[in-house]
Amino acid sequence: MATFVLAGKTDCPHYAKAELLADQLQQCLPNFRVHKICVLPDQWKEWLEDTCSRNRWKHQHSPLVWRELVYQGGRGILLGGFSDFLEHCQEYYHITSDMPSEMMLSVAAENHDTKMSLIVEEQHRASLIKPLHIWICSALSPTCHFLIPNLLSAEVFPHVTAVSLHLVDLEAAEEELQELKLDTEDLALPLLHQVTTHTDLEEAFKEADVILLLNEPEEGEVESKEENKFKVLERYREYGRLIDTRANKDVKVIVSGDSFINLRCSLLLENAHSIDSSSFLSIATRLENEARAVVAQKLKVRTADVIVWGNISGSFYVDLQRAKVFNYTGAIRGPAFFSQPVLKMVHERKWAETDLQDLVCRQRAAVASKTCRAAAMTDANGILSVLKAWSGSCGVDEVFSLGVLCPGYYNLPEGIVLSVPATFTGGKWSVLFDVAVGDELKERLQVFASELQQEKEAGAEKELLG
């Protein structure tokens with residue numbers, strides 16, 4: 001089978017003549033195929049240079065004709081321009097063209113008008129697509145690789161028809177982000193509209209509907225950790241200012257990771273003055289899962305509804321007052337959905353108040369000291385769970401531990417982001433007050449708030465000194 005590619009300027013008479021000659025051959029010869037490429041006049045020079053450079057050809061005018069090696073692979077064989085194509089057709093197929101000049105000009109004008117109509121039609125079609133804009137910061141973190149395949153789905157965004165994914169990583173090389181972009185496009189996800197990459201903040205958060213701020217990379221040298229901390233905090237102040245001016249006013253912002261989670265979320269809130277505080281939250285999913293794992297190991301059963309209070313990446317308290325166990329082997333048994341309170345199954349109060357807290361801390365340290373893969377999977381799963389709930393896909397009784405602004409809650413100071421139990425209803429979260437908060441827990445919350453306040457003040461002092 002002979003397959004030819006015919007490319008030229010939309011207003012080129014010789015391209016029009018070659019096009020009609022190719023159509024004539026295609027009608028007469030069953031094994032003759034032609035592929036046409038129409039290029040606008042102002043784009044022709046750049047397109048021609050790029051094509052010739054890629055194929056190591058030399059050609060200067062319109063049209064450009066080459067033969068594809070369908071069965072052999074490799075780059076095509078260059079024929080040349082119109083005269084070369086005409087000579088080839090005469091020699092091999094005994095067919096020529098006697099199109100008059102007036103007709104050549106007429107067909108060229110028709111080609112140009114058709115191309116412009118197609119462009120207008122495509123622009124109109126694109127304008128009808130209103131994609132959801134999702135921005136992911138620290139896009140080269142392992143969490144992002146687990147997140148993307150499951151993020152763009154109707155399960156997470158049930159009422160969305162298209163998603164524009166924007167990948168940001170200020171520490172990465174452009175080539176690395178391009179690789180991630182290609183990997184994402186290769187997934188052929190139904191909701192994916194486009195992928196963009198960014199190694200600076202020039203375009204960051206424009207028209208953002210969802211912003212996911214993953215774990216910030218930390219420096220390896222001990223002496224630079226403090227400097228790295230303030231670098232991250234200053235970056236989040238800038239993030240907040242950009243979100244304030246560029247993102248949609250109903251944007252949803254999630255902060256995750258294992259370093260300064262509450263503080264990072266607090267800095268976003270302080271600098272995004274025009275965005276409602278309910279748009280910002282940090283997640284304690286990793287701590288919840290680690291606590292569930294410890295309880296499950298203790299009781300040899302599956303657990304649910306563990307609450308994490310406090311500073312997610314600092315001092316915290318694991319609360320089991322709403323925690324349940326399933327399939328517990330005891331005097332009372334029931335079907336798979338039957339649950340019993342954990343505190344009734346754990347008869348040692350000291351274990352729940354002290355040992356559990358220590359075991360969760362050790363679990364966190366063990367995960368941090370090993371490969372980040374498990375932590376990345378947990379983070380990605382937590383982000384997806386919260387996004388589903390925020391989109392209205394969760395039960396009314398499902399409880400999440402979320403780092404949110406707590407104005408006046410439990411006599412806490414203003415401007416503090418603290419992890420508290422929350423539920424989602426109708427796509428909006430609210431703090432769960434149907435929990436017992438005794439004097440001991442209130443004292444703990446004040447300690448956690450004081451720790452976070454000191455973190456904020458230390459960051460502000462460093463900024464003033466800098």
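## Largest pocket

Eight nonpolar, five polar and six charged residues make up the lining of the largest pocket. The model is predicted. This pocket holds about 440 Å³ of space. Its lining counts 19 residues. Closest to the centre are Asp209, Asp250, Lys252, Trp390 and Gly427.

## Second largest pocket

The second largest pocket holds about 310 Å³ of space. It is lined by 16 residues. Those closest to its centre are Tyr317, Asp319, Gln321, Arg349 and Glu353.

By class, the lining of the second largest pocket splits into eight nonpolar, two polar and six charged residues.

## Nonpolar cores

The largest nonpolar core has 59 residues. The members that touch the most others are Ile134, Ile136, Leu151, Leu212, Leu281, Trp309 and Leu402. Helix 12, residues 373–390, is the top contributor to this core, with seven residues.

A second core is separate and has 51 residues. Among them are Ala208, Ala272, Val301 and Ala352.

## Contacts of Ile134

Ile134 belongs to the largest nonpolar core. Leaving aside residues up to four places away in sequence, Ile134 touches Leu151, Leu152, Phe157, Val163, Ser164, Leu165, His166, Val210 and Leu212. Leu151 and Leu212, both touched by Ile134, are also listed with Ile134 as core members that touch the most other members.

Definitions and conventions
Residues numbered from 1 in each chain as written. Predicted model: local features only at pLDDT ≥ 70, side-chain atom pairs only at ≥ 80, totals over all residues. Heavy atoms only, no water. 1 Å grid on protein atoms, 1.4 Å probe; cavity = no way out; pocket = protein on both sides within 12 Å on 5 of 7 lines; lining within 4 Å. Points joined across faces, edges and corners; volume = space filled by probe spheres on them. Nonpolar A, V, L, I, M, F, W, Y, C, P; charged D, E, K, R; others polar. Core = buried A, V, L, I, M, F, W, Y, C linked by side-chain atoms within 4.5 Å. Buried < 20%, exposed > 50% of the residue type's maximum accessible area, 1.4 Å probe, protein only. Helix = DSSP H or I, 4+ residues; strand = E, 2+ residues; numbered from the N terminus. Contact = heavy atoms within 4.5 Å.
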